[in-house]
Amino acid sequence: MTDTEPRGPLSGVLVADFSRVLAGPYATMLLADMGADVVKVEGPGGDDTRTWTPPARGEASTYYLGVNRGKRSIALDLRDEADADAARELARRADVLVENFRPGGLDKYGLGYDAVLAANPGIVYASISGFGSGAGARVPGYDLMVQAMSGLMSLTGDPGGPPYRAGISVFDVMAGNHAVIGILAALRHREATGRGQHVEVNLMSSALTGLVNQSSAYVAGGVVPYRMGNAHPSVFPYEPLPTADQDLIVAAANDGQFRKLCEVLGVPEVADDPRFARNASRTANREELRPILVERLARRPADEWFDLLLEAGVPSGPINTIDGGFAAAERFGLDPVVEVGEGERAVPTTRHPIRFSETPAGYALPPPELDEHGAELRTWLSEGRPS
């Protein structure tokens, strides 16, 4: 069915991708990287992110390019019975279906979970929503809303300033990762039992679990956390500190690391001061400790401190722009950029985050143009279809 044979641990798994924008497409891209055959079903106008510019690479939105490699595209108007029939046939053949319509939104096309399960008992059907399929089903699921409603924005920004959103749609990405985890677990269950199941992920639940220590502060401790700028509520030093030329992240998260930090800074006696000898004391007395550290750090530029602290085993790092982040990854041998596709269609993209020793991620198919594979997919779906 494909010109390029899939490779990777998910080779042979067919994914019907009825998702759009970010959480779903990010999840299905990760599955495609791992060898799954992902068919991206788009409406006649295409995925919304195709038009989200600037920036762009040629005519293509870099947003769309960033989460849609490894897939084939077919444009189907689900209001058209012939197209809806093709979509149902794809769902019948698929191992996995991923959708992020409003809960129940695919039911009227015969593509809801119950209808797909009846035709395909082994289906792993993954639904991604904003606030679940219960009382929150009618609430639109946008990452910015979830950042606000979950409490994340109340934790982000200067203590005396307004709340801020994170610089990316962090809960869309987190929910996409949770969807992949759920899909892989459900495929394992199907392998053992032969039965598929419905995997439901929502951004709000992903957000609340993703707030980790801040969630636990409230749930287990009854404490409502508040904005602390770049400071950590439970660890110090664990924040940017000024040097001779720019801020440097210093993350001495335990007593041993703090002692090494003091040695590198030339103030070993500070580590023995009862006010600073233990993490709880350092955190309680951070306003007394910070000036001591800042005075020493002001004697060298950030890059010099980074090398010295790295050698001593003290976590630290400069605050980079995105280009600096990629440069750092190159320095550490992570090869962060790979090309997907070949020739004129080749597109630079960010490497899959997981390394497999036996079944490496693949980058054969560039992000598809709208309905690029429509003709071949329609022909395939029409072959051997039950009457």
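The structure is a predicted model, in which local features need pLDDT of at least 70, side-chain atom pairs count only at pLDDT 80 or more, and totals for chains, interfaces and linings use all residues. Residues are numbered from 1 along each chain as its sequence is written, and side-chain values use heavy atoms, with hydrogens and water left out.

**An enclosed helix**

Helices here are DSSP runs of H or I with at least four residues, strands are runs of E with at least two, and both are numbered from the N terminus. Buried means under 20% relative accessible area, exposed means over 50%, and partly exposed lies in between (1.4 Å probe, protein chains only). Among the buried residues of α1 are Tyr26, Met29, Leu30 and Asp33. Just after α1 comes Gly35, with a positive phi of about 105 degrees.

**Salt bridges**

How many salt bridges does the model have? The count comes to 24, where a salt bridge is a side-chain nitrogen of Lys or Arg within 4 Å of a carboxyl oxygen of Asp or Glu. Here are three of them:

| Pair | N to O distance |
|---|---|
| Asp37 and Arg72 | 3.1 Å |
| Asp47 and Lys40 | 2.9 Å |
| Glu239 and Arg290 | 2.9 Å |

Asp37 and Arg72 form a salt bridge that links distant parts of the chain: Asp37 sits in strand β2 (residues 37–42) and Arg72 in strand β5 (residues 71–75), 35 residues apart. Asp37 and Arg72 are both buried, and Asp47 and Lys40 are both buried too.

Glu239 and Arg290 also meet in a salt bridge. This pair links distant parts of the chain, with Glu239 in strand β9 (residues 238–242) and Arg290 in helix α11 (residues 286–297), 51 residues apart. Glu239 and Arg290 are buried. They belong to a network of salt bridges that links Glu239, Arg286, Glu287 and Arg290.

**A patch on the surface**

Tyr218, Val219 and Val224 make a nonpolar surface patch of about 370 Å². Patches are made of residues with over 30% relative accessible area and no salt bridge, joining like charges within 9 Å and nonpolar side chains (Val, Leu, Ile, Met, Phe, Trp, Tyr) within 5 Å. Accessible areas come from the Shrake-Rupley method with a 1.4 Å probe, and for residues only the protein chains shown count as cover. Tyr218 lies in helix α8 (residues 212–219) and counts as exposed because its relative accessibility is 52%.
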